[in-house]
Amino acid sequence: MLNGKKIILGITGSIAAYKACYIIRGLIKQGAEVQVVITPAGKEFITPITLSALTGKPVISEFFAQRDGTWNSHVDLGLWADAMLIAPATASTIGKMANGIADNMLITTYLSAKAPVFVAPAMDLDMFAHPSTQKNLDTLRSYGNHIIEPASGELASHLVGKGRMEEPENIIRVLDEFFSSTGELAGKKVLITAGPTYEKIDPVRFIGNYSSGKMGFALAEECARRGADVVLIAGPVQQKTYHSHITRIDVESAQDMYEAAMAQYPLVDAGILCAAVADFTPDAVADKKIKREGDELLLHLKPTHDIAAALGKIKTPGQKLIGFALETNDEQRNAEGKLIRKNFDFIVLNSLNDAGAGFRYDTNKISILSCRGRTDYPLKSKTEVARDIIDRMIKEM
């Protein structure tokens with residue numbers, strides 16, 4: 001949710017100033033516009049030329065431009081921003097912010113800012129633990145500032161860190177989550193299934209598939225970024241979740257996923273069934289490893305619960321249900337059949353016949369089918385595909 005946001009990045013005189021480059025790159029990658037304001041001490045650690053090259057904007061440090069005497073208005077800058085981030089924030093700067101000592105451009109901009117302010121402390125452990133520093137941080141919190149804890153990277157209600165500045169990706173995540181709280185899905189709850197299921201044959205073998213869970217996890221992150229509370233039911237995958245609005249439920253078998261989905265779906269506004277669930281499971285599971293004997297091994301399989309059909313039957317008028325169809329042949333006909341049989345609002349079709357689509361890839365090529373027709377999309381990253389799918393879901397809600 002940082003796309004189009006205007007961010008002031010304040011940089012102070014800390015050895016961690018070099019990390020500001022990574023913060024800038026991350027913010028711009030998400031579509032934010034960044035204006036750097038740096039203290040005189042900050043320029044001893046990183047050059048304005050480097051920062052300007054990254055932001056595409058002149059770096060502001062003094063009240064007057066050196067060449068032509070142009071006035072840098074801290075008031076206008078404070079009104080321009082959607083957020084102000086001070087990272088790294090030294091003990092000196094934190095003390096000045098807390099006590100209104102406006103002796104440089106950064107502090108005057110802070111005092112003029114109407115937007116939310118985020119502060120990422122960076123200093124020696126002993127300085128950080130000193131009562132005066134802690135008192136100043138408490139004062140900043142009382143002013144409504146958001147302190148980004150070195151330990152967790154989450155919005156702080158109290159500080160338990162060790163003085164080290166939080167990593168850039170976590171700082172960016174804090175801002176992203178803050179703006180997500182006012183996104184299109186704010187107040188909504190979304191259930192997502194992702195990954196494969198493993199159906200045990202014996203203690204060491206199973207029936208499974210090649211699903212990596214990448215598409216489902218991308219959908220979960222996108223929903224959370226737009227303000228939703230997400231329940232992600234994940235089969236056995238190596239993927240990680242990042243957004244704090246995602247509650248992850250790990251399962252293994254189709255039965256596990258069925259039970260979790262049936263319990264959670266009545267509590268949500270929408271369900272996205274992205275998991276590659278096994279259609280069959282062994283009729284009996286051996287309690288010991290099956291030894292190799294004879295020339296063949298016969299497995300008797302029984303159908304698993306059809307999770308999509310079960311959720312489609314209990315779907316209420318206020319809920320949405322979105323399915324996936326990974327096909328190898330007769331794609332359109334098979335997807336349309338699932339759309340009707342399982343009571344989906346729309347279905348996402350992708351084919352293993354398309355290069356770069358399907359299991360394990362970082363890209364996907366989809367079509368969205370509903371009772372109103374079909375929309376085709378080009379090959380994109382799964383992050384971009386997730387945006388397209390959630391855009392469509394929001395239109396349906």
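Predicted model: local features only at pLDDT ≥ 70, side-chain atom pairs only at ≥ 80, totals over all residues.
Residues are numbered from 1 along each chain as its sequence is written, and side-chain values use heavy atoms, with hydrogens and water left out.

Let's start with the region. An unreviewed UniProt entry carries the annotation "domain: DNA/pantothenate metabolism flavoprotein C-terminal" for residues 185–395; such annotations may be inferred rather than shown by experiment. Across residues 185–395, the chain is 27% helix and 28% strand, where helices (H or I, at least four residues) and strands (E, at least two) are DSSP runs numbered from the N terminus. The end C-alpha atoms of that stretch are 11 Å apart.

Now the first pair. Helix H10, residues 254–264, and helix H11, residues 307–314, have axes that come within 10 Å and cross at roughly 15 degrees. Axes are lines fitted to C-alpha atoms, for helices over the stretch in contact, with angles from 0 to 180 degrees between N-to-C directions. H10 and H11 are therefore roughly parallel, a label for angles under 35 degrees. Who touches whom? On H10, Ala254, Met257, Tyr258, Ala261 and Met262 meet Ile307, Ala310, Leu311 and Ile314 of H11, contact meaning heavy atoms within 4.5 Å.

On to the second pair. The axes of H9 (residues 214–225) and H13 (residues 382–396) come within 8 Å, crossing at roughly 55 degrees.

Methods:
Parallel < 35°, antiparallel > 145°, perpendicular 65-115°, else oblique.
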